[in-house]
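Take a look at the structure below. The text then walks through its helix pairs and the meeting of its chains.

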Amino acid sequence: MNPRRVPWLALALLRRFGGRYSESLEGDMHEELAAGRSTFWCWQQVARTMMVYASTSVRQRLVSFAAAALFFAAALWSIAPATAPVMDWARGFESLRLLVQLGWLAGVPFLLGGLAGSARRHRVGAILLGAGLAYMTPITTPFDSAVCDLCVGPGSAVIPGAVRWLTPFGSALLAGLGAWIATRISRTHQESLA
Amino acid sequence: MRRRDYLGHLELMVLLAVWRLKPEAYGISIAREIEQQCGYSMALAGIYSTLERLQDKGFIKSKRGAPTPTRGGRARTYFDLTATGLEEAQSTFHALTRLAPKGALP
């Protein structure tokens with residue numbers, strides 16, 4: 001029987017979020033899998049590694065995180081009225097409307113995740129996490145109207161509760177994908193320099 | 001005056017586990033020791049992040065072992081207490097023992 005191997009995605013996430021001892025952590029995972037641990041345990045460790053990374057970033061830079069969350073929430077609330085005419089205009093063009101909505105729902109989280117993934121400092125990570133939190137809060141108006149248009153129908157004002165709360169998770173997944181791609185690019189770049 | 005770095009609950013547990021396990025203290029062995037002795041199941045990431053903090057405070061030092069095939073070619077990182085770490089572990093442990101009410105400890 002072939003020994004179990006740490007999934008490649010788990011390895012990539014460990015390398016990014018494992019901190020100073022990511023290599024030792026990676027080796028520990030291999031060792032535990034060889035000793036009979038399950039792949040599910042492996043994924044549990046990856047999830048906890050990411051949670052530890054996020055909580056460390058927030059704890060070490062609590063002021064930056066809180067300030068970023070407040071600033072971005074305020075900024076989004078302020079620019080929301082300004083985006084309404086653009087959204088109304090975009091609704092006239094089917095392809096453009098889709099592009100604008102996808103930009104709000106997928107593009108912005110993807111970009112934030114990519115930036116967070118390439119951040120090498122906890123302060124930058126904390127600011128981006130704060131921004132992401134503010135952005136994905138379902139009360140944030142531009143996000144909300146994009147969810148309305150895309151998931152319920154153009155011009156709709158009422159979002160079903162489940163959609164309202166599940167869409168941010170989809171965006172969070174896209175943010176994770178952005179972070180992962182940024183990590184791969186940065187690692188390849190570093191390897192080519194070495 | 002330099003602010004003194006106090007030990008947190010987890011930090012003290014990890015520091016004591018490193019002390020107990022040396023020279024074989026590394027991620028998995030520390031997690032296993034804490035689970036066996038205290039009944040806490042700690043994530044490996046939690047252990048390593050605590051070790052990072054302890055190292056930043058100057059309480060532990062690390063040394064890399066040799067890479068092995070069972071670890072996917074990755075080396076173990078072994079941890080050991082510094083003189084300051086040993087002093088801090090002893091003084092925190094004694095302070096806790098002194099604070100405990102009489103008869104509270106067996």
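At what angle do the axes of helix 1 and helix 4 of chain B cross? They cross at roughly 120° and come within 10 Å. Axes are lines fitted to C-alpha atoms, for helices over the stretch in contact, and angles run from 0 to 180 degrees between N-to-C directions. The angle makes helix 1 of chain B oblique to helix 4 of chain B (under 35 degrees is roughly parallel, over 145 roughly antiparallel, 65 to 115 roughly perpendicular, the rest oblique).

This is a predicted model: local features need pLDDT of at least 70, side-chain atom pairs count only at pLDDT 80 or more, and totals for chains, interfaces and linings use all residues. Residues are numbered from 1 along each chain as its sequence is written, while chains are lettered from A and ligands numbered from 1 in the order in which they are written.

Which residues meet in this pair? Helix 1 of chain B brings B:Leu12, B:Leu15, B:Leu16 and B:Trp19, and helix 4 of chain B brings B:Gly85, B:Ala89 and B:Thr92. Contact requires C-beta atoms, placed from the backbone, within 7 Å. Helices are DSSP runs (H or I, at least four residues), numbered from the N terminus.

Now turn to chain A. Helix 1 (residues 8–17) and helix 2 (residues 22–34) of chain A pack at about 150°, their axes 8 Å apart. Therefore helix 1 of chain A is roughly antiparallel to helix 2 of chain A. A:Leu11, A:Leu14 and A:Arg15 of helix 1 touch A:Ser22, A:Leu25 and A:Glu26 of helix 2.

The chains meet too. In chain A, 19 residues contact 17 residues of chain B. Helix 2 of chain A gives the largest share of chain A's side, 10 residues.

Definitions and conventions
Helix = DSSP H or I, 4+ residues; strand = E, 2+ residues; numbered from the N terminus. Contact = placed C-beta atoms within 7 Å.
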